[in-house]
Amino acid sequence: MEEKDGATESSCQTTESSFPSLEGVEEILGYTFKNKKLLEEAYSHGSFQKEKSEFSYERLEFMGDSVLSLLITKEQFFLYSDLQPGPLTRLRSANVDKEKLARVALNHGLHRFLRHNNPKIHHQIHEFGEAVKEYPLHSNGQIEVPKVLADVVESTIGAVFVDCNCSVDTVWEVFKDLLEPMIVPETLKIHPVTELNERCQKRGLKLEFKDSWQIRGGIDFYIEGYFAGRGEYPLRKDIALNRAAKAALNNIDKILKNLENPTLMMKLRTRCRAALKYMYG
């Protein structure tokens, strides 16, 4: 965060009264805190310094992360008795990752109660809210996720855990419905880059990519020398890569079919070269 002079910084400060009452969080959770200080701590961002003291949700976030991982592990272990550790690990990861938890915060409006003095947070949350409309369950790495949204879910879990004398059963009762929809084996997807690599390896296809992210914010994938897909996202290279892989996956069946027709592939290659010359000069 850039340094600002005293006058500018002062004008940007937000007071406690600027945010909705934390009683609204208790209503969403269906849980009343015995220690209200825990609730206050869970919703205090590092940028919101109350009386210049070190008071933020980070410790409770740390606790909540571990508690949530335990709860999901326990639930899935008994729910899917036929799954081996590998699939169980992937399933757990999908249900506790940053995007999944950020969706929970957004769906239930928990972010509205976060005390902070960072104007960028509002913009990031708005952008995320628009982006998820294209991906009902999970984007698998194709959109930017504000970490603060996932953080506030974990800090809330940590706060409830400490407040109820560390009862994991109580925490699960409070959060199990809020975490819906859970990702199940039937809806579990792998990241596009992993899927693209696996599909090409299975068929013995040569997969390459051209990295122009530093210059143009984009990445191109090629299968057997033919252009397969492009992804763009100037702010994050990994998102551009995932988008490019997803575009290639959308075209891979067409490319496989065309590989059986040399004449058609020659025409396709000519078009690709013309397109690339237009794009890159």
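Visitor: Which residues of H12 are buried?
Guide: This is a predicted model. Buried here means under 20% relative accessible area. In H12, these residues are Ile239, Ala240, Asn242, Ala244, Ala245, Ala247, Ala248, Leu249, Ile252, Ile255, Leu256 and Asn258.

Visitor: Where is the kink in helix H12 centred?
Guide: H12 covers residues 237-259. Its axis kinks by about 45°.

Visitor: Which two residues does a cis peptide bond join?
Guide: Look at the loop between helix H9 (168-175) and helix H10 (192-203), where proline 181 lies. The omega angle of the cis bond is about 0°. The bond joins glutamate 180 and proline 181.

Visitor: Is asparagine 165 buried or exposed?
Guide: Asparagine 165 sits in the loop between helix H8 (147-163) and H9. Its phi is positive, about 60°, although the residue is not a glycine. Exposed requires over 50% relative accessible area. Asparagine 165 has 67%, so it counts as exposed.

Visitor: What is the relative accessible area of cysteine 166?
Guide: Cysteine 166 also belongs to the loop between H8 and H9. Phi is near 65° here, again positive in a residue other than glycine. Cysteine 166 is partly exposed, and its relative accessible area is 46%.

Visitor: How much accessible area does the nonpolar patch of Phe62, Met63 and Val162 have together?
Guide: One member, valine 162, lies in helix H8. Valine 162 is partly exposed, at 34% relative accessible area. Together, Phe62, Met63 and Val162 have about 280 Å².

Visitor: Which residues is leucine 179 in contact with, leaving aside neighbours within four places in sequence?
Guide: Leucine 179 is one of the core members that touch the most others. Contact means heavy atoms within 4.5 Å. Beyond its sequence neighbours, leucine 179 meets Leu68, Ile72, Lys100, Leu101, Val104 and Trp172.

Visitor: How many residues are in the other core, apart from this one?
Guide: Its members include Val193, Tyr233, Ile239 and Ala245. Among them, Ile239 and Ala245 are buried residues of H12. The size of this other core is 19 residues.

Note on methods: Residues numbered from 1 in each chain as written. Predicted model: local features only at pLDDT ≥ 70, side-chain atom pairs only at ≥ 80, totals over all residues. Heavy atoms only, no water. Bend = angle between axes of the 7 residues up to and from the residue. Helix = DSSP H or I, 4+ residues; strand = E, 2+ residues; numbered from the N terminus. Buried < 20%, exposed > 50% of the residue type's maximum accessible area, 1.4 Å probe, protein only. Patch = residues over 30% accessible without salt bridge, like charges linked within 9 Å, V, L, I, M, F, W, Y side chains within 5 Å. Areas by Shrake-Rupley, 256 points an atom, 1.4 Å probe, with all protein chains shown as cover. Salt bridge = Lys/Arg side-chain N within 4 Å of Asp/Glu carboxyl O. Core = buried A, V, L, I, M, F, W, Y, C linked by side-chain atoms within 4.5 Å.
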